[in-house]
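Biologist: Can you put the model up? I'd like to go through it step by step.

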Amino acid sequence: MRALGMAWWTEILFLKNRYITEDKELGVFGAFKRALRTYLYERFVDALHIALAVFTYGYMAAAIVAFFWQE
């Protein structure tokens, strides 16, 4: 799995140069939405892996809490 730490910074750093100059009527919010959508489309499997890992560990923590604090 690739490191996800700095990959999303490039979309934000070059947001003005890449999106706002291409589509001036899009606006800042629209350009941010487009940058986020592009990032998620390119890295869908990585995002799915993170989401499922968070869900799995949350479910496991809830099961542990329910087991030890049952009456």
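Modeller: The protein has four helices and zero strands, where helices (H or I, at least four residues) and strands (E, at least two) are DSSP runs numbered from the N terminus. This is a predicted model, in which local features need pLDDT of at least 70, side-chain atom pairs count only at pLDDT 80 or more, and totals for chains, interfaces and linings use all residues. Residues are numbered from 1 along each chain as its sequence is written, and side-chain values use heavy atoms, with hydrogens and water left out.

Biologist: What pattern does the protein follow along the sequence?

Modeller: The pattern reads α-α-α-α.

Biologist: What share of the residues is buried?

Modeller: Of the 71 residues, 14% are buried. Buried means under 20% relative accessible area, exposed over 50%, and partly exposed in between (1.4 Å probe, protein chains only).

Biologist: And how much accessible surface does the protein have?

Modeller: About 6200 Å², of which 70% belongs to carbon and sulfur atoms. Areas come from the Shrake-Rupley method with a 1.4 Å probe, and for residues only the protein chains shown count as cover.

Biologist: New topic. How many salt bridges does the structure hold?

Modeller: One. It joins the side chains of glutamate 42 and arginine 43, at 3.0 Å from N to O. The term needs a side-chain nitrogen of Lys or Arg within 4 Å of a carboxyl oxygen of Asp or Glu.

Biologist: Is arginine 43 buried or exposed?

Modeller: Arginine 43 is buried, at 18% relative accessible area. Glutamate 42 is partly exposed, at 48%.

Biologist: Which residues form the nonpolar patch on the surface?

Modeller: Tyr57, Met60, Ile64, Val65, Phe67, Phe68 and Trp69, with about 860 Å² of accessible area together. Patches take residues with over 30% relative accessible area and no salt bridge, joining like charges within 9 Å and nonpolar side chains (Val, Leu, Ile, Met, Phe, Trp, Tyr) within 5 Å.

Biologist: Where does tryptophan 69 lie?

Modeller: In the segment after helix 4 (44-68). Tryptophan 69 is exposed, with a relative accessible area of 64%.

Biologist: How many aromatic pairs does a search of the whole structure find?

Modeller: Two. The rings of phenylalanine 55 and tyrosine 59 have centres 6.3 Å apart and planes at 25 degrees, so that pair is stacked. Rings of Phe, Tyr and Trp (its six-membered ring) pair if their centres lie within 6.5 Å; planes under 30 degrees apart count as stacked, over 60 as edge-to-face and the rest as tilted.

Biologist: Where do phenylalanine 55 and tyrosine 59 lie?

Modeller: Both are in helix 4, four residues apart, about one turn of the helix. The rings of phenylalanine 67 and phenylalanine 68 have centres 5.1 Å apart and planes at 80 degrees, so this pair is edge-to-face.
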